[in-house]
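Here is a short report on a protein model. Look over the sequence and the structure before reading on.

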Amino acid sequence: MRVVVTGMGIVSPLGIGLEPFWRNALAGANGVRRIASFDASAQRPRIAGEVPDFDPGRYLPSKQLDQMDRFSQLALTAAAEAVASAGGLSGYQPQRLGVCIGTGMGGYGSFEASAARHFRGLVPAPLTVPRAMANAAGAWIASTYHCTGPNLTFSTACSSSGHAIGSALQLLRAGQVDAVIAGGAEACVLPMTMAGFHALRALSTAHDDHPAGASRPFAKGRDGFVMAEGAGLLVLEMAERAAERGATIYAVLAGYGASCDASHIVAPDSAGQAAAMAAAAADAAIAPRAIDYINAHATSTPLGDIVETRAIKTFLGAHAGEVAVSATKSLLGHTIGAAAAIGSIAAIMSLRHSVMHPTVNLEEPDPECDLDYVAGTARKRHIRVALCNAFGFGGNNACLLYTRPEALEDI
Amino acid sequence: MNYADIEANVIAFIKRRVPLDKPLEITATTGFQEMGLDSLDVAQLLFEAEDAFGVSFDLEKASDITCIGDIAGYIVRTRPRATA
């Protein structure tokens, strides 16, 4: 009853496609820049992780483009790569194909644009609602690939795509589907949305003149996260069926753990986070000491990175010092609802290629953040088991455990 | 601008905005249905035409607009008010 990853697709501030993402991640490249998509000169912060040179017309027919918010365009572009890398899904009955998508804000861009018109006394665009609704990306993926099975959208802020992928695992185990396109998408580098996060004091503002230094998880002097956009999608299917059709198996999705802090609407709690990590390991029937690598949630907020460090220690005990941890958000900022999917792709690439991308901007760690964070440059290591953490506002935690295809038998 | 100019501008606007699946000669009497547009597509088109031509379509009466000539006619009838 093993569920495997047979396809991956990604659109991120490090580039469009898996190859540029991973090449740039290993090089410690940085996707945070001055905001280009709108005039941000009058606001703070003025920086974000935007997908460079994203021309959706290259990937999508123009009529569809009009009907889609940017978050759906990013999702569909990542889905195309994921499905292609899986070798297509034509071997499955349409009603046995599911879609599970996570997004924190959905089509807020379309909503913001229409709100601006409405409050100037103008009619909003007729497609405001179908563009803005959170389930739009899932609907477009389903109609593009004719997936007529369950189509679910998860919106749990920064852990959205963690639950999307975890729930896809459960649909597969329950025998309700044969394959799922699962992951997340977010496009909230937007004036009003960012102003809202800024009002909450969640965003970094101290590095507007040096964008590449702004996202600095675990480092001394970090002052908030950097808003980013992107999409990451996986194709998940049962190992036996994948092997039968000769698909490339990138990794096993071995476990999913979910929990809620049930304490504060935005402040994270290490007990809740540790519980989700433990639940993922238990779900996979893997001992915590078998974990080699953690793709951390690590958003670069002053409190969050300390709480996650504590949670990892609670979960792993003495083994915490032997685990390598890296922060994908140090490279590209925080993609909110897409973060767990993008972190998962980084973890899977680490499993496949026995190398971890670095955590950048970590010249001087916070004394309260004292794990092995793969600081500075990429590091080679044979990884059999990797954990991906995602923790959202609302105390909403999702952890995913991946293993090498051959690893489960001997762990 | 006379009616003929406005009609020509609307036809140019439609040609620019609507990708056609099959070859079709676009004239003032070409219907939206003929062009493969559904009611949502037409609503979006009228929305964009508002900005392009400086008019405001009455959404309650939009169902009366079924072809390109209807858009041109609407602009001619309402433009003085819209630009006042």
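Which residue stands opposite Gly392(A) in β15(A)? The answer comes under the heading on strand β15.

## Model and confidence

This is a predicted model, in which local features need pLDDT of at least 70, side-chain atom pairs count only at pLDDT 80 or more, and totals for chains, interfaces and linings use all residues. Residues are numbered from 1 along each chain as its sequence is written, while chains are lettered from A and ligands numbered from 1 in the order in which they are written.

The model scores ipTM 0.72 and pTM 0.93. Chain B has a mean pLDDT of 86; pLDDT is the predictor's confidence in each residue, from 0 to 100. In chain B, 94% of the residues reach 70 or more. Helices (H or I, at least four residues) and strands (E, at least two) are DSSP runs, numbered from the N terminus. Where pLDDT is low, the predicted coordinates should not be read in detail.

## Strand β15 of chain A

Asn396(A) in β15(A) is the residue opposite Gly392(A). Strand β14 (residues 385-392) of chain A pairs with β15(A) in the antiparallel sense, over eight bridges. Two strands pair if DSSP finds at least two bridges between them. β14(A) and β15(A) form a hairpin, with three residues between them. In the turn, Gly394(A) has a positive phi of about 90 degrees.

Strand β9 (residues 251-260) of chain A also runs antiparallel to β15(A), joined by eight bridges. Here Ser259(A) has Asn397(A) as its bridge partner.

Why is β15(A) largely enclosed? Eight of the eight residues of β15(A) (residues 396-403) are buried, so the rest of the structure largely encloses the strand. A residue is buried if 20 or more other C-beta atoms lie within 10 Å of its own, exposed if 12 or fewer, and partly exposed in between, with C-beta atoms placed from the backbone. In a regular strand the side chains alternate between the two faces of the sheet. Both faces of β15(A) are covered. Asn396(A), Ala398(A), Leu400(A) and Tyr402(A) are buried on one side. Asn397(A), Cys399(A), Leu401(A) and Thr403(A) are buried on the other.

## Strand β8 of chain A

β8(A) covers residues 230-238. Eight of its nine residues are buried, so β8(A) is largely enclosed by the rest of the structure. Strand β1 (residues 3-12) of chain A pairs with β8(A) in the antiparallel sense over eight bridges. Val11(A) stands opposite Ala231(A) there. Strand β7 (residues 179-186) of chain A is joined to β8(A) by eight bridges and runs antiparallel to it. Ile181(A) has Val235(A) as its bridge partner in β8(A).

## Two helices of chain A

Helix α13 (residues 339-353) of chain A has 15 residues, which should span 21 Å at 1.5 Å a residue. The expected span is 1.5 Å times one less than the number of residues. The end C-alpha atoms of α13(A) are 21 Å apart, which agrees. α13(A) is mostly covered, with 13 of its 15 residues buried. Ser354(A) follows α13(A) and has a positive phi, near 55 degrees.

In helix α4 (residues 108-118) of chain A, the buried residues include Tyr108(A), Phe111(A) and Ser114(A). Their cover includes α3 (70-85), α5 (128-132) and α8 (191-199) of chain A.

## Domains of chain A

Chain A is divided into domain 1 (3-244) and domain 2 (256-404). These bounds come from an automatic or database domain assignment. The C-alpha centres of the two domains lie 20 Å apart. In total, 58 residues of domain 1 are in contact with 52 residues of domain 2. Two residues are in contact if their C-beta atoms, placed from the backbone, lie within 7 Å.

On the side of domain 1 that touches domain 2, α7(A) gives the most, with seven residues. By class, this side has 29 nonpolar, 23 polar and six charged residues. Ala, Val, Leu, Ile, Met, Phe, Trp, Tyr, Cys and Pro count as nonpolar, Asp, Glu, Lys and Arg as charged, and the others, Gly among them, as polar.

## Chain B

Five residues of chain B are in contact with six residues of chain A. The chain B side has four nonpolar, one polar and no charged residues.

Ile65(B) is found in the loop between α2 (39-53) and α3 (68-83) of chain B. Ile65(B) counts as partly exposed because it has 19 C-beta neighbours inside 10 Å. Not counting residues up to four places away in sequence, Ile65(B) touches Leu46(B), Asp70(B), Ile71(B) and Tyr74(B).
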